[in-house]
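Please look over the sequence and the model before reading on. The paragraphs below go through the chain step by step.

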Amino acid sequence: MTNTSIQLPELNQRTILNWYKNDETRMERAVLRQGIRIHDAATATDDLPQGQGKPAALPTPKVQLEKFVPNMSDNTFGTAKIRSAAAPPASSIPRSTLSYRKRRSVEETAGMCSRKKYAPRTGPPICSKCGSPRNTDSHKQFYGNQFCAATSNVSHDVWLNELKKKGYGRRAARK
Ligand SMILES: [Zn+2]
């Protein structure tokens, strides 16, 4: 055996098992293919037609296409109105003021209100001494003191000097 050139395959349990399985598969196929005539794959006998070539011109569409013209006449950059994200408050009047007004209206309707209702003055201011409108010719004022020429028994200069002697206007004169 050592002098021959025959290469013997390695014979082990796996080799024997492989041979047995292949032989079993061959026999199983032979049993299953009994009476079955297997055809060859069907092929066309005639030659296939040639493919279509490229058209000379592109086909025209059936619908009329309008050319798109972008509107570039007006530049609206920065003109967008941006809404504020936060919603404005329902009422800027504080809750305490609303509660006070409600209480006052209830008191007024019930006749419980003793406070004099504020009414804005209409027309020129009236002099409390002579009862006529306080015009600038006959009526002067100096630091909150009113001078009425119609009812005063002294002149405006004397009245002014008396007020200055009392101390009115000193703080303003120091400045
Ligand atoms: Zn007066």
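Predicted model: local features only at pLDDT ≥ 70, side-chain atom pairs only at ≥ 80, totals over all residues.

**A walk through the chain**

Tyrosine 143 sits in the loop between strand 1 (139-142) and strand 2 (145-148).

One of the residues involved is histidine 139, whose bridge partner in strand 2 is cysteine 148.

What is the phi of tyrosine 143, a residue that is not a glycine? The value is positive, about 50 degrees. Tyrosine 143 has 13 C-beta neighbours inside 10 Å, so it counts as partly exposed.

An α-helix has 3.6 residues a turn, so residues three or four places apart point the same way. Helix 3 is followed by glycine 167, which has a positive phi, near 115 degrees.

Now go back towards the start of the sequence. Glycine 53 is found in the loop between helix 1 (13-32) and helix 2 (95-110). Because glycine 53 has 6 other C-beta atoms within 10 Å, it is exposed. How far apart in space are glycine 53 and aspartate 157? From C-alpha to C-alpha the distance is 120 Å, while in sequence the two residues are 104 residues apart.

The last step is to take the protein chain as a whole. Its secondary structure consists of four helices and two strands, and along the sequence these follow the pattern α-α-β-β-α-α. The radius of gyration is 60 Å, whereas the globule rule gives 16 Å for 175 residues; the value is well over the rule, so the protein chain is more spread out than a compact globule. Along the principal axes, the C-alpha atoms fill a box of roughly 165 × 65 × 55 Å.

Of its 175 residues, 1% count as buried. Among contacts with a separation of 6 or more, residues 24 or more positions apart account for 11%.

Notes. Residues numbered from 1 in each chain as written. Buried ≥ 20, exposed ≤ 12 C-beta atoms within 10 Å, placed from the backbone. Rg over C-alpha atoms; globule rule 2.2 N^0.38 Å. Contact = placed C-beta atoms within 7 Å. Pairing = 2+ DSSP bridges.
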